[in-house]
Structure formats: C-alpha cells, structure tokens
Amino acid sequence: MKFKFCLLIALALTITSFQALNPRRLLLFGKDSVAFQSQLQQLAKDSLGLSERDVKIEMFNFENTMARKYNVDKNQLTVILIGRDGGEKYRTHTPVSTQTLFDIIDSMPMRQSEMRGGSN
C-alpha cells in the first residue's frame, strides 16, 4: 500500500513537471474581423507580460479543425485561454484586456507556484 502511494505521488510530480513545460495558449478565432484586430492590438500592448506568463498566441480561421474541436461560432470572435494542463480556463466573444488575462493566469495554482519559485 505504501509503495502504491509513493508511486502515485511520483506520477503526480512527473505529470506536473511535464505540464510545466507546456506553454499556456491563447487561441484566437475570427481573422479579419474588427473585434479580432482589436484583440491583437490589446495583446500587442503587453507582450512582456504575455512572455512572463509563457503565453503562446495561436490564430485560426473558422475553417480549421481547431474551430470544430472547440465548437467555435463562425459569426463571432472567440478567445480561449488554455492552461498548461491543456484545459480550457477562459472563453470570451469580445476582446479581452491583457490585465483580465493576467488576473486569470496569476490566480492559477501552477502560476502561483511559478511566482513563488521565480521560474516561468
């Protein structure tokens, strides 16, 4: 029983370490719309903050398999924040400020750990 418990702890630590290698992802759907361009402008204002939080920005059109995977409405901007664990953490259909994104990211347990440890 003790061996199984130790094995589970080791596995959890390994998974956490692996997840820490994954960047956070900000998925943007809706190229060529006014809202999409506004979102890009918001993000461009604080590229340093995005870099500090290891956020990778990915842009997609609606004809992409990612749009189907995330069930994106073809008629509106969609912004989706994906955490290091691969889970969806936030979704909006209007441009979001970097401060809102940073508040969400900074409240995540893995980010809290990163801030305490001084690592990305």
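Buried here means under 20% relative accessible area, exposed over 50%, and partly exposed in between (1.4 Å probe, protein chains only). This is a predicted model: local features need pLDDT of at least 70, side-chain atom pairs count only at pLDDT 80 or more, and totals for chains, interfaces and linings use all residues. Residues are numbered from 1 along each chain as its sequence is written, and side-chain values use heavy atoms, without hydrogens and water.

**Helix 2.** Helices (H or I, at least four residues) and strands (E, at least two) are DSSP runs, numbered from the N terminus. Select 34–44, which is helix 2. Phe 36, Gln 39 and Leu 43 are buried.

**The cores.** A nonpolar core is a set of buried Ala, Val, Leu, Ile, Met, Phe, Trp, Tyr and Cys residues joined through side-chain atoms within 4.5 Å. Select Leu 26, Leu 28, Leu 43 and Val 79; of the 14 residues in the largest core, these touch the most other members. Next, show helix 5 (98–106). Helix 5 gives the largest share of this core, 3 residues. A second, separate core has 10 residues, including Leu 27 and Phe 62.

**The hairpin.** Finish on strands 3 and 4, a hairpin with 5 residues between the strands. Gly 86 in the turn has a positive phi of about 90 degrees.

How values were computed:
Pairing = 2+ DSSP bridges.
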